[in-house]
Amino acid sequence: MQILERFHSQKSRKGHRLVAMLFMLMLAAAPHAAAGSDDVAEMSIDEAIDMAYDEYIRDVSPEAMRPYAAMSICGESEIDAALMASFVLRHNPEFDPQIAHEFIRAGSRYGIRGDIAFCQAIVETGWFKYTGGTAVTADSHNYCGLGVTHKGRKGAKFATVADGVTAHIQHLYAYCTTDALPPGERKLDPRFDMVSRGCAKRWHELNGRWAMNSRYSTAILSVYASLNEFAGKSKCQK
């Protein structure tokens, strides 16, 4: 299916910037007003709200996105690591393909959709460039803003790519299941026990939990739709 890649108009973008600035002022006045939610305000992406999501959410009809709307967090990945890496390398030539491979490996161990979690990491890190004012840096191997509860905070830091990806997958695992960690796995996610276990089986249920913004899952699944389209085209060209 053809996915349109038309962005919002410049006028609309200016409006979103104004909303984002007003929201940031509100956060400064009451930075932890929503702290009672499961894991709210955890990510740097929230600090830019709609303005940042516009980069990922394209002008796609509800019909076009419907196949992705109710996708489960648990399940087997459907896109391989090589295609995932190629997808990001178009936007970031300095991307390390090992990251894509680790998402597939960790996702398989935990029964989590590593390919969609990878798209979540794209949204969180800005194509793994760590731009947009986030304090998280590439050497932190923090791919989902773990521990970033307000602007300027660097959040959790992990020793290796594998550890960082595993912590991300563990956080999703905490949301979508009440099961114990798989045999032989050690807890790396520093916020694992702060989650209401099993409260989000599907990506759209992360809205208002993992992130405050109601379009958070739409941003993730829009990137996945683009990845899916890219994978289909790449396979046709072989």
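Predicted model: local features only at pLDDT ≥ 70, side-chain atom pairs only at ≥ 80, totals over all residues.
**Overall arrangement**
- When the chain is read along its sequence, the elements follow the pattern α-α-α-α-α-α-α-α.
- Among the contacts that join residues at least 6 apart in sequence, 67% link residues that are at least 24 apart.

**The largest nonpolar core**
- The largest nonpolar core has 65 residues, and the members that touch the most others are Phe103, Phe118 and Trp203.
- At least two residues of this core come from each of helix 3 (62–69), helix 4 (81–89), helix 5 (98–110), helix 6 (114–125), helix 7 (161–176) and helix 8 (216–237).
- Helix 8 provides the largest share of this core, with 10 residues.
- If neighbours within four places in sequence are left aside, phenylalanine 118 is in contact with Met84, Val88, Phe95, Ile99, Ala100, Phe103 and Phe128.

**Helix 7 and its crossing with helix 5**
- Helix 7 is largely enclosed by the rest of the structure, because 15 of its 16 residues are buried.
- At 1.5 Å a residue, the 16 residues of helix 7 should span 22 Å, and this agrees with the 23 Å that separates its end C-alpha atoms.
- The axes of helix 5 and helix 7 come within 9 Å of each other and cross at roughly 40°, which means that helix 5 is oblique to helix 7, given that angles under 35 degrees would count as roughly parallel and those from 65 to 115 as roughly perpendicular.
- The crossing of these two helices is right-handed, and on the side of helix 5 the contact is made by Gln98, Ile99, Glu102, Phe103, Ala106, Gly107, Arg109 and Tyr110.
- On the side of helix 7, the residues that make this contact are Val161, Ala162, Val165, Thr166, His168, Ile169, Gln170 and Tyr173.

**A buried residue in a loop**
- Threonine 134 lies in the loop between helix 6 and helix 7.
- Threonine 134 has a relative accessible area of 19%, and since buried means under 20%, threonine 134 therefore counts as buried.
- Threonine 134 and arginine 153 are 19 residues apart along the chain, and their C-alpha atoms are separated by 8.2 Å.

Methods:
Residues numbered from 1 in each chain as written. Heavy atoms only, no water. Core = buried A, V, L, I, M, F, W, Y, C linked by side-chain atoms within 4.5 Å. Buried < 20%, exposed > 50% of the residue type's maximum accessible area, 1.4 Å probe, protein only. Helix = DSSP H or I, 4+ residues; strand = E, 2+ residues; numbered from the N terminus. Contact = heavy atoms within 4.5 Å. Expected span 1.5 Å × (residues − 1). Axes fitted to C-alpha atoms, helices over the stretch in contact; angles between N-to-C directions. Parallel < 35°, antiparallel > 145°, perpendicular 65-115°, else oblique. Left-handed = near helix turned anticlockwise from the far one by under 90°.
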